[in-house]
Amino acid sequence: MVKLMPSREVDVILSRLRVGHIWLTERHRFWVAGGSGAASDDVFLRGLDLWDGLEFVLRSVYGYQGCIMESGVCLDESPVGCRYCGRQRSQERVDAN
Ligand SMILES: [Zn+2]
């Protein structure tokens, strides 16, 4: 896996994406459970849109490759995943068939 030299901007974006990934995952979990703590649809969708745009910038502007999470894989239970994990998962589905 090739990554560009680490830069402060990349670190800042990665940090925001990681926090956002956890936020989206938790809000979705609250929403499914029907309990308090769920974001309104508007807030959730705005957060998702921002998250997606930020990840796009990370890859298109900074050439980042690989998963955005420190662990190297997005949370399984999350309704969202980074583009890298999305590609890995669709490849696994192709390989399984
Ligand atoms: Zn990922």
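What percentage of the 97 residues in the protein is buried?

## Overall architecture

In this predicted model, buried residues account for 12% of the 97 residues in the protein. The protein contains three helices and zero strands. Read from the N terminus, its elements follow the order α-α-α.

The C-alpha trace of the protein spans about 40 × 40 × 20 Å along its principal axes. Of the contacts in the protein with a separation of 6 or more, 69% join residues 24 or more positions apart.

## Helix α1

Helix α1 covers residues 8-33. With its 26 residues, α1 reaches 38 Å from its first C-alpha to its last, which is close to the 38 Å expected at 1.5 Å a residue. After α1 comes Gly34, a residue with a positive phi, near 75°.

## Packing of α1 against α2

Two packed helices are described by the angle between their axes and by the distance between those axes. Helix α1 packs with helix α2 (residues 41-60) at an angle of about 150°, and their axes are 10 Å apart. Because angles over 145 degrees count as roughly antiparallel, α1 is described as roughly antiparallel to α2. The crossing of the two helices, α1 and α2, is left-handed.

On the α1 side, the contact is made by Val10, Ile13, Arg16, Leu17, Gly20, Trp23, Leu24 and Arg27. On the α2 side, Phe44, Gly47, Leu48, Trp51, Leu54, Glu55, Val57 and Leu58 take part. Sorted by class, this contact of α1 with α2 comprises 11 nonpolar, two polar and three charged residues.

Definitions and conventions:
Residues are numbered from 1 along each chain as its sequence is written. This is a predicted model: local features need pLDDT of at least 70, side-chain atom pairs count only at pLDDT 80 or more; totals for chains, interfaces and linings use all residues. Axes are lines fitted to C-alpha atoms, for helices over the stretch in contact, and angles run from 0 to 180 degrees between N-to-C directions. Helices (H or I, at least four residues) and strands (E, at least two) are DSSP runs, numbered from the N terminus. Angles under 35 degrees count as roughly parallel, over 145 as roughly antiparallel, 65 to 115 as roughly perpendicular and the rest as oblique. A crossing is left-handed if the near helix is turned anticlockwise from the far one by less than a right angle, and right-handed if clockwise. Two residues are in contact if their C-beta atoms, placed from the backbone, lie within 7 Å. Ala, Val, Leu, Ile, Met, Phe, Trp, Tyr, Cys and Pro count as nonpolar, Asp, Glu, Lys and Arg as charged, and the others, Gly among them, as polar. The expected span of a helix is 1.5 Å times one less than its number of residues. A residue is buried if 20 or more other C-beta atoms lie within 10 Å of its own, exposed if 12 or fewer, and partly exposed in between; C-beta atoms are placed from the backbone.
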